[in-house]
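Open the model in your viewer and keep the selection tool at hand. The stops below go from one selection to the next.

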Amino acid sequence: MPSPPDSGASSPASSAGPAGSDRLAWLEEGAHQVVPGVYRIPLPLPFDGLRAVNAYAIESAGGLTMIDSGWMLETTKDQLERSLARIGAGFGDIRRFLVTHIHRDHYTQAIGLRRIFGMKVALGADEKHSLDRLLSKDSFAMSPQAERLIRAGAQPLMDKMAQAGMRPPTGDQGYEEPDEWISSGAVFDLGRRRLEAIATPGHTRGHVVFADAEAGLLFAGDHVLPHITPSISLEAAPQELPLRDYIESLLLVRRMPDLTLLPAHGPVAPSVHARVDELLDHHDARLAAMLAALADGPRTGYEVALAIRWTSRSKELTELDLMNQMLAVGETLSHLDLLVARGTAVADTDSGAWLYRPAG
Ligand SMILES: [Zn+2]
């Protein structure tokens, strides 16, 4: 069964952001000061679409604390080393990585560096489900994604993915147990500042964000991104209703005081609340569009994904590349399942491909 790489922050339903070169300015190599003692360090990714991930270096008692780490690649490691040098630091100064979630572009470089330098690595407690699955040699780690495609009736897409030779990565991907599992509410005292970990399941099951309430900063990982819509449930062991979890996690950070957004992809933005409102509106609009697509009779998830438009450019599903088609079908299923959970749609689950229709 073909399967995608297990990274990826963006969904093909990405909403629009600034155009042109402004949109790419955040990619520039360096250690960009956000506030005194906090630096944003963009690190390259092997995908065209996402381009880079931000790690954040925080000056703390006895050295540096890092939020996220980049993908375990030589190019990423070299750029991190050069960027740390600009603030007079090196890998040996890193005391701990606090990682927002299990995706490779956030977690695996920390594991690679731990093998050499022995710093501590911490990850959200509910990522254990997916990590156990990734570490079990005999199970096919991403098979939940294949199960979801079957449930969506997306056999034509699965055939195309198989023809294109898409399969799960093999070899050392940098997945190992962390030193520490982070529970929600855990407080990390960095000397100059304190970070509170807050569980924000949705993008992944064990996603956490880190709030520095005193300085007004939110290290948001992939939970709230300024330019794109985070993908939902691309993980080895997803929850049953990941979109419900995601929306609840958006409402959770909306109830907190408004903070400066320090995202894992894209530039620092002034207001978490402003972006959360846009993301909530986006999902409301997608739920309404999918419910409307059910009006003419029962439809599979794949048929709904074919009926609606994708990206800010209103593309058809089949205009997207295969990876994004797979994400789009998964996204559709997450929305349809939430409509069922809310009682506005019903699903006929008798056959392998579920059929959805409006309730009543
Ligand atoms: Zn991610």
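Which strands and helices cover the buried residues of H7? The model is predicted, and the cover includes strand S11 (217–221), helix H6 (242–255), strand S12 (260–263), helix H8 (301–307) and helix H9 (322–341).

Select H7 itself, residues 272–293. This helix has 22 residues and spans 32 Å from its first C-alpha to its last, close to the 32 Å expected at 1.5 Å a residue. Now colour Val272, Arg275, Val276, His283, Arg286 and Met290, which are buried. Look down the axis of H7: the buried residues fall within an arc of 100°, so they line one face of the helix. Turn to the face pointing away from that buried side, where the exposed residues Asp281, Asp284 and Ala285 sit.

Next, select helix H4, residues 143–151. Gln145, Arg148, Leu149 and Arg151 are buried there. Viewed down the axis of H4, its buried residues keep within an arc of 160°, so they too line one face of the helix. What do they pack against? Show helix H5 (155–163), H8 and H9, the partners of the buried residues of H4. Just after H4, stop at Gly153, which has a positive phi of about 70°.

Last, go to Pro44 in strand S2, residues 38–44.

Note on methods
Residues are numbered from 1 along each chain as its sequence is written. This is a predicted model: local features need pLDDT of at least 70, side-chain atom pairs count only at pLDDT 80 or more; totals for chains, interfaces and linings use all residues. Helices (H or I, at least four residues) and strands (E, at least two) are DSSP runs, numbered from the N terminus. The expected span of a helix is 1.5 Å times one less than its number of residues. A residue is buried if 20 or more other C-beta atoms lie within 10 Å of its own, exposed if 12 or fewer, and partly exposed in between; C-beta atoms are placed from the backbone. The arc is that of the directions from the helix axis to the C-beta atoms. Two residues are in contact if their C-beta atoms, placed from the backbone, lie within 7 Å.
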